[in-house]
Amino acid sequence: MSLYRDEGVVLRNQKLGEADRIITLLTRRHGLVRAVGKGVRRTRSRFGARLEPCTHVDLQLHTGRTLDVVTQAETVRAYGEAIVADYSRYTAATAMLETAEKVVAVEKDPALRQFLLLLGALRTLGEGTHDARLVLDAYLLRSLAVAGYAPALSECARCGDRGEHRSFAIHAGGTVCSVCRPHGSMHPSAETVRLMSSLLGGDWAAADASDPRHRTECSGLVAAYLQWHLENGIRSLRHVERS
């Protein structure tokens with residue numbers, strides 16, 4: 001039996017048979033892992049409660065033919081306990097977990113930066129120090145950047161001309177100048193584009209001071225940009241409060 005140990009964040013779980021679950025995790029060293037938690041749905045399970053979404057866990061697994069099997073699980077931190085008490089934080093966390101699974105996509109391919117990014121986002125969300133929408137949008141933008149899809153915000157996405165361009169083209173990759181502007185471009189306010197830059201760069205002082213209407217516009221742009229480049233709908237986003 002080939003055993004290995006890792007730590008990870010539980011992204012989701014699915015029922016399997018009468019008492020088992022398939023646990024999807026984003027791990028520190030092995031990237032995306034899907035493993036069976038045997039008997040975790042039984043009331044007397046030793047670690048069923050430790051394999052709930054938003055939980056940071058230390059695991060021992062053994063390699064199976066199709067799915068690995070969880071043999072030990074210890075909670076490092078249960079972020080879900082603080083998050084589920086607030087609807088806006090809960091829906092934001094759900095969207096983060098779904099995005100993490102789709103951004104990484106390939107199983108057993110190390111994705112340390114994505115793991116650390118998700119862990120930090122859940123920690124920030126659980127602490128409640130920033131608006132849940134801002135934390136979500138910051139996570140989505142940074143996750144895309146790590147995956148190689150960072151939007152151009154201070155230059156034209158097509159010609160590279162630097163400046164605060166007033167048009168935003170999702171399919172072009174960000175802001176575009178008046179010469180390169182394609183049909184169907186959007187025209188967000190300059191404050192909205194600056195907010196996106198603040199979230200991408202980690203300027204929380206500027207982000208926290210932003211106007212609610214610019215946050216709403218920013219969230220719409222980020223969601224559209226995410227779903228275009230992932231070529232996959234993030235179903236959880238429809239439940240996120242954005243008004």
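With which side chain does the side chain of E7 make a polar contact at 2.6 Å? The partner is the side chain of H56, and the notes below set this pair in its surroundings.

1. Basis of the note. This is a predicted model, in which local features need pLDDT of at least 70 and side-chain atom pairs count only at pLDDT 80 or more, while totals for chains, interfaces and linings use all residues. Residues are numbered from 1 along each chain as its sequence is written, and side-chain values use heavy atoms, with hydrogens and water left out.

2. E7 lies in strand 1, where strands (E, at least two residues) and helices (H or I, at least four) are DSSP runs numbered from the N terminus. E7 is buried, with a relative accessible area of 18%, since buried means under 20% relative accessible area, exposed over 50% and partly exposed in between (1.4 Å probe, protein chains only). Besides the polar contact with H56, the side chain of E7 makes one with the side chain of R28 at 2.9 Å; a polar contact is a pair of N or O atoms within 3.5 Å, of which, within protein, one must be able to donate a hydrogen and the other to accept it, and residues adjacent in sequence count only if both atoms are side-chain atoms. Not counting residues up to four places away in sequence, E7 also touches, among others, L26, V57 and F115, contact being heavy atoms within 4.5 Å.

3. The largest nonpolar core. This core has 50 residues, and those with the most contacts inside it are M96, L118, L122 and L237; a nonpolar core is a set of buried Ala, Val, Leu, Ile, Met, Phe, Trp, Tyr and Cys residues joined through side-chain atoms within 4.5 Å. Among the elements that give two or more residues to it are strand 1 (3-16), helix 2 (87-104) and helix 3 (112-127), whereas helix 4 gives the most, with nine residues. Leaving aside neighbours within four places in sequence, L122 is in contact with V9, C54, Y79, I83, A93, M96 and L97.

4. The second core. A separate core of 14 residues includes I23, V33, L51 and V57.

5. Strand 3 and its pairings. Six of the seven residues of strand 3 (residues 31-37) are buried. Strand 3 runs antiparallel to strand 2 (residues 20-27), to which seven bridges join it, strands being paired if DSSP finds at least two bridges between them. The two form a hairpin with three residues between them, and L26 stands opposite L32. Strand 3 is also joined by two bridges to strand 5 (residues 68-78), which runs parallel to it, and there A35 has D68 as its bridge partner.
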